[in-house]
Amino acid sequence: MDVPHAGRRGEAPWKKMSKEELETQYSPSRWVVRLGAEEALRTYSQIGAQATSQARATRRSLLHVPYGDGQGEKLDIYLPDGVSTALPFFVFLHGGYWQSGSKDTSAFMVDPLTAQGVAVVIVAYDIAPVGTLDLMTEQVTQSLVFLQKQYPSNKGIYLCGHSAGAHLAAMMLLANWTKHGVSPNLRGLFLVSGVYDLEPILHTSQNDLLLLTLEDAQRNSPQLRLQTTPKSPSVPALHILVVVGQHDSPEFQRHSREFFQVLCLGGWKATFEELPDMDHFAIIENLSQTHYVLTQVGLHRPPATWQLPFAVNPQVLSEPLNLEER
Ligand SMILES: N[C@@H](CC(=O)c1ccccc1NC=O)C(=O)O
């Protein structure tokens, strides 16, 4: 694929890494400082499972709602008190390198967000080896179309993805909504510790199950696609928040920083923040807490007054863009 250059050229740092170093960089649990790697993963699953059973026991919910014909095409809706459906919808895509994770252990944010009058939707998609990345992207597209059709008076759809889920969320910037006959009322994208260029993944054990070819990786890389098909942002009201943890690996931090830069160059309204003290898992676990910067983003306010608590960090914008030469 011939790629025009955006910003400064340079070889991507991962290309100089040994196989071992690359494996470490792309193993988020190894960068957790508060716990050992295995315990960090175990704690993450436990907190997710606990938050989900609490949400199902205490909130009005619609579980396993089909958004398509496929077996895995289901979503869970958790509603705040009251009868109105003219609500903001916070839609969550779980992570797990497109091969693990489930909607049934990912309802971290239901309690604090429904208390603020926000509906929460947790979307399932067919993880590998059942699903390919192309299928997962199509499924997420379909889930948003379904929600828009089901709740046409919604006060905004705020799509949040974690890690591999942030990748799928970012792919929505390239979706062809006209093909689906409806454009979801997308107002916010929360991209948390995501992967936006899939080529390095080809050289890690994560690809053992995904079996991505270079072509698959390029077609499914939102960073590359947004660089190569520059078009003006199709959703003017959309604000994109790119966040990464202080204790995410340097490679994960690079993905977020560079993707943010590509978004800015493409004219999208975007904000970047590195969250202090957060690692790849705490950054989502804390969504179960009321007093956490990402939980306090204020979706319950009317969209006209909806504000991100963050300011654009000018330092990130002035850092040289080190997009690789292909
Ligand atoms: N095997 C991975 C697990 C992992 O990356 C992960 C686990 C749960 C939720 C998100 C994850 N990362 C990316 O999707 C690790 O070493 O941390």
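# Close-up views of the predicted model

View 1. The side chains of R254 and E258 meet in a salt bridge, with 3.2 Å from N to O. The term salt bridge is used here for a side-chain nitrogen of Lys or Arg within 4 Å of a carboxyl oxygen of Asp or Glu. Both R254 and E258 belong to helix 9 (residues 250-265), where they sit four residues apart, about one turn of the helix. Helices (H or I, at least four residues) and strands (E, at least two) are DSSP runs, numbered from the N terminus. R254 is buried, and E258 is buried too; buried means under 20% relative accessible area, exposed means over 50%, and partly exposed lies in between (1.4 Å probe, protein chains only). By the salt-bridge rule, the count comes to 11.

A word on conventions before moving on. This is a predicted model, in which local features need pLDDT of at least 70 and side-chain atom pairs count only at pLDDT 80 or more, while totals for chains, interfaces and linings use all residues. Residues are numbered from 1 along each chain as its sequence is written, and side-chain values use heavy atoms, with hydrogens and water left out.

**View 2. R56 and its salt-bridge network.** Here R56, D76, K103 and D104 are linked through salt bridges into a network. R56 pairs with D76, their closest N and O atoms being 2.7 Å apart. This pair links distant parts of the chain, since R56 is in helix 2 (residues 37-58) and D76 is in strand 2 (residues 74-79), 20 residues apart. R56 also forms a salt bridge with D104, again with the closest N and O atoms 2.7 Å apart. D104 lies in the loop between strand 3 (89-93) and helix 3 (110-115), so its pairing with R56 in helix 2 ties together parts 48 residues apart in sequence.

**View 3. T52 and its contacts.** T52 is another residue of helix 2, and it is buried, with a relative accessible area of 1%. Leaving aside residues up to four places away in sequence, T52 touches Y78, K103, D104, T105, S106 and A107; contact means heavy atoms within 4.5 Å. The C-alpha atoms of T52 and T105 are separated by 5.7 Å, although these residues are 53 apart along the chain. A polar atom of the T52 side chain lies 3.0 Å from the backbone nitrogen of A107.

View 4. Which residues come nearest to the ligand? Of the 13 residues around it, the nearest are S29, G96, Y97, S163 and A164, where a residue is near if one of its heavy atoms lies within 4 Å. Polar backbone atoms of S29 and of Y97 each lie 2.8 Å from an oxygen atom of the ligand. The protein covers 84% of the 410 Å² of accessible area that the ligand has on its own (Shrake-Rupley method, 1.4 Å probe; for residues, only the protein chains shown count as cover).

**View 5. S163 and helix 5.** S163 sits in the loop between strand 5 (157-162) and helix 5. S163 is buried, with a relative accessible area of 5%, and its phi is near 60 degrees, a positive value in a residue other than glycine. Eight of the eight residues of helix 5 (residues 164-171) are buried, so this helix is largely enclosed by the rest of the structure.

**View 6. The nonpolar cores.** A nonpolar core is a set of buried Ala, Val, Leu, Ile, Met, Phe, Trp, Tyr and Cys residues joined through side-chain atoms within 4.5 Å. The largest one has 66 residues, of which W98, L191 and I240 touch the most other members. Helix 4 (residues 133-150) gives the most to this core, with seven residues. Another core lies apart from it, with 32 residues, among them V110, I283, L287 and V297.

**View 7. Two backbone details.** A cis peptide bond joins A128 and P129, with omega about 5 degrees. P129 is in the loop between strand 4 (119-123) and helix 4. H64, in strand 1 (residues 60-66), has a positive phi of about 55 degrees although it is not a glycine. At 40% relative accessibility, H64 is partly exposed.

Conventions: A polar contact is a pair of N or O atoms within 3.5 Å; within protein, one must be able to donate a hydrogen and the other to accept it, and residues adjacent in sequence count only if both atoms are side-chain atoms.
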